[in-house]
Each structure stands twice: as C-alpha cells, then as structure tokens.
Amino acid sequence: MDEFHKIKRLPPYVFSEVNQLKASARQRGDDVVDFGMGNPDQPPPQHVVDKMTEAVQKPGVHRYSNSRGIPGLRRALAGYYERRFGVELDPEREAIVTLGSKEGLANLAQAITSPGDVLLVPNPSYPIHAFGFIIAGAALRHLPMAGFDDSEGDFRREFMRQLERGVRHSVPKPLAVVVNFPANPTTRTVDLDFYEELVDFCRHHGIYAISDIAYSELYFDCPPPPSILQVPGAKDVAVEFSSLSKTYSMPGWRIGFCAGNPKLVGALARVKSYVDYGAFTPIQVAATAALNGPQDCVDEMRARYRSRRDVLIRGLQQAGWEVPSPEASMFAWAPIPAAFRHLGSLDFSKLLLEKAQVAVSPGVGFGEYGEGYVRLGLVENEHRTRQAIRNIKAFLRKVDPEELPSERREVAL
Ligand SMILES: Cc1ncc(COP(=O)(O)O)c(C=O)c1O
C-alpha cells in the first residue's frame with residue numbers, strides 16, 4: 001500500500017542519524033559530551049516544584065482541566081507581558097495556555113491552514129515552524145536566515161526584501177509569516193524597529209505574523225529581546241508563542257502560551273477544545289507560581305548559560321575554531337571549520353562524534369540554508385564543556401586538511 005500523503009511530506013529526521021550514532025557510541029562505552037539538543041539540564045526552581053507537590057495532594061485537581069488553561073495562569077501570563085513588555089492582554093480573549101509552545105504552533109497551523117495555503121517560514125528554523133504547516137497541508141516559501149555577513153540593519157533589509165518577494169510571487173497570497181527571535185538555531189536577535197516594520201508590512205498586505213519567543217529570557221550581551229506585541233496595532237495581525245520550558249527549565253512539564261490576535265487565539269482555542277483537555281491542573285498551578293513568584297531564578301539561569309557560553313566560545317577559539325559568541329538563546333551557531341566544509345554538516349557532525357566524542361546538531365537538519373553550520377546547545381556544564389574542547393582541539397590538530405576526502409560522505413579519518 002502507498003505511504004500516507006502526510007507521512008510522505010515528513011522526511012526522516014536528519015538528527016536521528018546522529019542520534020543513532022550517539023547511542024552506539026555510548027553503548028561502546030564512549031563518554032559522549034552532548035551539545036545536540038536544546039534540552040535544559042537544570043531542575044526547575046524549588047518553589048515551583050514545591051507548588052506542584054502541594055497542588056497534586058488536593059483531591060479536586062485530578063479531573064480533566066480547562067483546555068484554554070486555568071484562568072489564574074492566563075492572568076499570570078498577562079502579568080508577565082505587562083511587566084516585561086508593557087503589553088496589555090485580555091486573559092479571556094487574547095491568551096491561551098498550550099501543552100508547550102510546540103503543540104500550540106502545530107495546532108494553530110491546523111486551525112488556520114487550508115490545503116495549498118502559502119506560509120512564509122524562516123530557514124533554517126526550529127522544525128515545527130515549517131512542519132506544523134506542512135502537516136496542516138500548506139505550501140512553504142522559505143525565508144533564508146543564515147549566510148548573511150551583516151549588521152542588524154542589513155539583516156532587516158534583506159528579510160523585508162525576501163518578504164516582499166514572497167508576497168509578490170506567491171499564489172495564493174501568503175496566509176502568514178513565522179518569525180522567531182532570539183532564533184533557533186541561528187541565535188539572531190532583532191530590535192523593536194524590526195517588528196514595527198514587520199507589523200506594518202503584514203497589516204498592509206493582510207497577512208498574519210506568528211512570532212515565537214521561546215528564548216526571550218535567555219539574553220546575555222543585548223537588551224532584553226522585545227515582543228512583537230509591543231508594536232501598536234500588532235494585535236490586528238500577530239500572535240506570539242512563549243514558553244516556560246527554557247525560562248524556568250521546565251521542558252518536560254509542557255507549558256507554553258499563545259497570546260495576541262483574538263481571532264487566531266480563538267481559532268487555536270476551538271481546535272484545542274476538540275483535541276485536548278488542557279495540561280494537568282497541578283502543573284498549571286505551579287506554572288502560575290513560576291510567573292508570579294520571585295524571578296531571581298531567571299537571573300541565575302541566565303548567568304549559568306552565559307558562563308557556559310563563555311567557556312565554550314573561548315575554548316573553541318583557542319582550539320582554532322572561530323565561532324561567533326551568541327548574544328542570546330541557549331545555542332552557539334558554528335560555521336564548520338573551512339578544512340571540513342566540503343563534508344557538509346551531517347558528515348562533519350558524524351566525524352566529530354566518532355573522533356572527538358562530541359555530539360552537535362547538523363545545520364542542514366534545520367533546513368537547507370542551515371548547511372555549512374552546526375548547532376551546539378549550552379546544555380553541558382563548564383567541566384564537561386572543557387572536556388569537549390580538549391577533544392575537539394586534539395581532533396582538529398590530528399587532521400591534515402590536505403588528507404581530507406574531497407567528496408562529501410567519504411569520511412576517511
Ligand atoms: C524556537 C523554539 N520554539 C519552541 C520550542 C519548544 O518549546 P516548548 O517546550 O514550549 O514546546 C523550542 C524548543 O527547543 C524552540 O527552540
């Protein structure tokens with residue numbers, strides 16, 4: 001029998017090749033330092049765990065929850081937007097709780113996409129930005145996000161040029177554009193001027209903007225990243241996904257949000273009312289405590305990632321691998337060293353795993369414009385990071401670029 005149409009549109013996960021190799025290496029007893037996934041390694045703040053433990057004891061909390069999220073948590077999100085961005089949200093019409101922002105993005109795509117609708121999506125991107133819409137039956141037009149040698153201003157000009165072309169050359173006119181800053185995997189940030197131009201563009205052309213700020217609190221050398229909803233009138237066209245996964249190290253708890261345009265929030269709420277019953281109530285109660293409680297835990301989290309970043313970037317530089325220092329996010333986006341570039345990011349990642357016991361994510365796994373890069377997640381502590389750097393240094397020293405295979409996929413070391 002034929003493969004299902006939707007499954008045919010979902011290519012095998014590129015990362016699974018590296019993951020399989022990683023598993024085999026570990027089985028052989030290799031001590032792999034794993035920068036592969038953006039999966040926070042720290043526990044959530046203790047007061048959040050305590051709140052969860054307390055809430056779960058209550059007899060009334062085990063029933064189906066509210067699929068839009070408990071009102072207290074939606075109010076807590078509105079409080080966060082007010083404090084952090086000066087944005088007012090109506091917790092009834094303009095905010096919904098999701099089972100992590102990934103689920104929210106996928107179900108929003110289901111809610112708003114008709115077969116054949118055109119979506120403008122960044123490339124490389126976090127996979128659900130593209131595949132959420134593929135699953136929903138959309139056609140994609142990619143907005144190249146890597147390969148710019150630029151200052152912020154040039155990126156903005158180039159991005160807007162791509163958007164213009166996307167609108168001019170797409171039939172039907174695009175339904176929406178997806179943006180994600182600080183960006184996974186490129187770590188790029190933007191300022192409010194960028195969002196002003198984007199909102200203006202979307203209003204003018206009658207297309208929606210879907211923003212993802214999963215890394216809004218992971219910033220180091222730049223001002224706090226803005227929200228698209230800060231732009232006056234943004235709610236006419238934009239929604240924004242946010243998440244507790246990275247800010248409070250709660251990735252397994254599956255709590256995220258969608259806020260902004262009431263029509264889009266309402267469409268997501270409608271689909272979710274058919275699909276799920278909301279997150280487990282004690283998790284939502286604890287998530288409320290995270291947003292409403294003391295925020296020094298967020299400062300500590302930021303300091304931890306900054307310190308790891310500094311150890312990683314300095315170490316790689318000393319090893320002879322020039323990697324730009326990310327000003328935000330929990331990743332480094334590393335151009336493959338010139339001597340290895342011809343291998344491509346997948347084979348370079350495999351080589352690094354085999355020869356240096358270091359796991360990274362191949363850039364091509366995030367889309368074709370991610371080729372030429374690998375992504376390193378700041379999810380190993382300083383000690384492990386130093387160990388990885390020693391291995392990488394030895395690996396780079398051992399290799400004679402002249403002896404490297406000239407053909408892709410001929411990994412001859
Ligand atoms: C850009 C981006 N958005 C969303 C997510 C998923 O977040 P959540 O845990 O809220 O589903 C990730 C996770 O890595 C991400 O990188």
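Q: What counts as an aromatic pair, and how many does a search of the whole structure find?
A: Rings of Phe, Tyr and Trp pair if their centres lie within 6.5 Å. In this structure, which is a predicted model, a search of the whole structure finds 17 aromatic pairs.

Q: Which kind of pair do Phe155 and Phe194 form, stacked or tilted?
A: Planes under 30 degrees apart count as stacked. Phe155 and Phe194 have 15 degrees between their planes and lie 6.0 Å centre to centre, so the pair is stacked. Phe155 belongs to helix α7 (residues 152–169) and Phe194 to helix α8 (residues 192–205), so this pair ties together parts that are 39 residues apart in sequence.

Q: Are Phe155 and Phe194 buried or exposed?
A: Phe155 and Phe194 are both buried. Phe155 also has Arg188 lying over its face, at 3.9 Å from the ring centre, and one aromatic cluster is formed by Phe155, Phe159, Phe181, Phe194 and Tyr195.

Q: How many degrees lie between the planes of Phe340 and Phe348?
A: There are 55 degrees between these planes, and the pair formed by Phe340 and Phe348, at 5.4 Å centre to centre, is tilted. Phe340 counts as buried because its relative accessibility is 3%, and Phe348 is buried as well, with a relative accessible area of 0%.

Q: Where is Thr189 found, and with which side chain does the side chain of Thr189 make a polar contact?
A: Thr189 is found in the loop between β5 (176–180) and α8, and it counts as buried at 12% relative accessibility. The side chain of Thr189 makes a polar contact, at 2.4 Å, with the side chain of Glu327.

Methods:
Residues are numbered from 1 along each chain as its sequence is written. This is a predicted model: local features need pLDDT of at least 70, side-chain atom pairs count only at pLDDT 80 or more; totals for chains, interfaces and linings use all residues. Side-chain values use heavy atoms; hydrogens and water are left out. Rings of Phe, Tyr and Trp (its six-membered ring) pair if their centres lie within 6.5 Å; planes under 30 degrees apart count as stacked, over 60 as edge-to-face and the rest as tilted. Helices (H or I, at least four residues) and strands (E, at least two) are DSSP runs, numbered from the N terminus. Buried means under 20% relative accessible area, exposed over 50%, partly exposed in between (1.4 Å probe, protein chains only). A charge sits over a ring if NZ of Lys or CZ of Arg is within 6 Å of the ring centre and within 35 degrees of the ring normal. A polar contact is a pair of N or O atoms within 3.5 Å; within protein, one must be able to donate a hydrogen and the other to accept it, and residues adjacent in sequence count only if both atoms are side-chain atoms.
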